Amino acid sequence: MQQLLRNTASQLDAAHSVHPHTDLRKHLDTGPLMITRGEGIHVFDENGNRYLEGAAGLWCASLGFGSERLGEVAKKAMTELGYYHNFRGASTVPAAELSAKLAGIAPEGMDKILLQSSGTEANDTALKLVWYYWDAKGMPARRKIISRTGAYHGTGTLTSCLTAKANFHAGFGLPFDGFLYTTMPYHYRMAEPGESETDFSDRLAAELEAMILKEGPETIAAFWAEPVMGSGGAITPPEGYFPKIQAVLDKYEILFVADEVICGFARTGEMWGSQTYGIRPDMICCAKALSAAMLPVSAVIIGARVFEAMLAQSDRFGTFVHGYTYGGHPVACAVANEVLAIYEEMDLVGHVKSVSKGFLAGFEALRDHPLVGDARGVGLIGAVEIVADKPTKAMHEPGQKVMAQFDAAARKRGLITRLIGNRAALSPPQIITASEVDDMFARFRGALDDVACIVK
Ligand SMILES: Cc1ncc(COP(=O)(O)O)c(C=O)c1O
């Protein structure tokens with residue numbers, strides 16, 4: 001043990017830490033990128049290198065990477081009441097306050113809050129509530145869930161089935177039956193040649209309706225969507241998409257669950273992505289920026305018709321039988337309450353709207369780069385698609401390892417982005433300033449130039 005602890009943290013990590021979404025064998029040799037401290041929107045590695053964290057970690061560190069103010073709040077909360085649960089009618093002041101605050105900023109008509117600890121838990125819970133709802137309505141055969149190709153909603157057993165990426169299913173014997181996938185709204189790749197965004201949206205709505213009719217509307221429980229698909233590639237929906245999808249769902253009385261784990265808290269320029277895109281969800285799942293990612297806390301925001309059904313089920317069975325030990329954890333909730341207070345003080349939505357102008361202009365300006373096939377975003381989330389040939393949208397040969405080269409070049413220039421296939425996404429902390437946005441795009445363009453020199 002003594003010998004072990006004399007090793008560096010990186011060596012300890014390589015030897016003992018199992019990492020998600022990581023090449024496990026390679027990690028045994030290379031070890032981690034060891035991040036040791038944060039300051040504003042920047043993080044530092046163990047060698048003192050400073051990175052502008054253009055991905056806000058995992059789309060989540062809305063207030064950056066360190067906060068004395070939130071540290072004080074956590075300390076006070078942990079000292080006063082380090083833990084209590086919310087089972088069997090118990091509660092804590094921070095949890096009650098957080099529920100009320102969330103209800104206050106939720107879209108109209110949604111004022112019931114079920115506190116959880118992660119995005120996966122929120123989505124998994126919402127899935128159970130969908131089935132609970134249809135059971136309460138006397139239609140338990142409505143079980144099927146429609147998600148979208150490329151979707152990401154977590155990696156739990158059921159949420160992996162909502163997640164519609166083959167690599168998340170391979171080797172796990174997933175997905176289970178009853179999960180259907182309609183085409184992702186990815187205009188750049190999925191539209192027919194010459195098809196406008198509006199026509200593409202019409203086609204996707206028609207495809208959804210055809211799927212519902214083929215399966216039988218009486219078997220479909222809910223439609224699941226992120227307003228902007230994050231891990232699917234920071235895909236912004238085409239013009240008119242959500243109103244058209246919503247109309248189809250309304251026609252067949254299908255529930256709409258909006259996964260706002262990334263989009264919530266002004267990521268798309270309004271408090272909720274549902275507001276940016278005119279979605280009327282029955283439930284919203286939120287997490288990440290709810291606590292500025294400083295502590296694990298998430299929530300399902302529940303609309304009236306689902307809560308009515310929950311009341312009926314509670315009457316029928318005596319209680320609502322669902323919950324987690326850490327759901328509504330008082331320390332996490334105290335921190336989330338302070339985060340929401342900070343959002344109000346800084347006028348989060350107003351700030352994002354203001355810095356978004358430079359952010360979107362940054363993408364626009366990148367479109368002329370020889371390696372850039374597409375570049376677009378909304379609010380403070382967007383992506384650049386790197387291609388070998390602009391007119392045909394052909395990608396580089398895998399052997400060229402262009403994205404790995406881009407990643408290395410960006411890091412060398414002190415920038416961390418999120419790579420998804422041949423897309424490099426940006427979703428910086430919401431506290432980013434206009435000049436930091438310019439700095440981020442300068443580094444991004446520099447990294448593209450570096451790669452262009454190599455692959456020429
Ligand atoms: C849209 C979305 N839903 C759900 C999740 C899962 O959240 P967690 O990792 O907190 O379980 C994520 C995580 O990135 C996400 O982006």
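Q: A crossing is right-handed if the near helix is turned clockwise from the far one, by less than a right angle. In this predicted model, is the crossing of helix 17 and helix 18 left-handed or right-handed?
A: The crossing of helix 17 and helix 18 is right-handed. Helix 17 spans residues 402-412 and helix 18 spans residues 434-455.

Q: Why are helix 17 and helix 18 called oblique?
A: Their axes cross at roughly 135°. Roughly perpendicular ends at 115 degrees, and roughly antiparallel needs over 145. The pair is therefore oblique. The axes of helix 17 and helix 18 come within 8 Å.

Q: Why are helix 6 and helix 15 also described as oblique to each other?
A: Helix 6 (residues 93-105) and helix 15 (residues 330-346) pack at about 40°. Roughly parallel needs an angle under 35 degrees, and roughly perpendicular starts at 65. Helix 6 and helix 15 are therefore oblique. Their axes lie 8 Å apart, and helix 6 passes helix 15 in a left-handed crossing.

Q: What makes up the shell around the ligand?
A: The shell divides into 3 nonpolar, 6 polar and 3 charged residues. Among the residues around the ligand are E226, Y152, H153, V261 and I262. Tyr counts as nonpolar, so Y152 goes with that group.

Q: Which helix gives the largest share of that shell?
A: Helix 7 (residues 119-136) does, with 3 residues.

Q: How do you know that the bond from L174 to P175 is cis or trans?
A: Omega is near 5°, and the peptide bond is cis. P175 lies in the loop between helix 9 (166-169) and strand 6 (179-182).

Q: What makes A292 worth a look, and where is it?
A: A292 has phi near 55°, a positive value in a residue other than glycine. A292 is in the loop between strand 9 (283-286) and strand 10 (298-303).

How values were computed. Residues numbered from 1 in each chain as written. Predicted model: local features only at pLDDT ≥ 70, side-chain atom pairs only at ≥ 80, totals over all residues. Heavy atoms only, no water. Near = heavy atom within 4 Å. Helix = DSSP H or I, 4+ residues; strand = E, 2+ residues; numbered from the N terminus. Axes fitted to C-alpha atoms, helices over the stretch in contact; angles between N-to-C directions.
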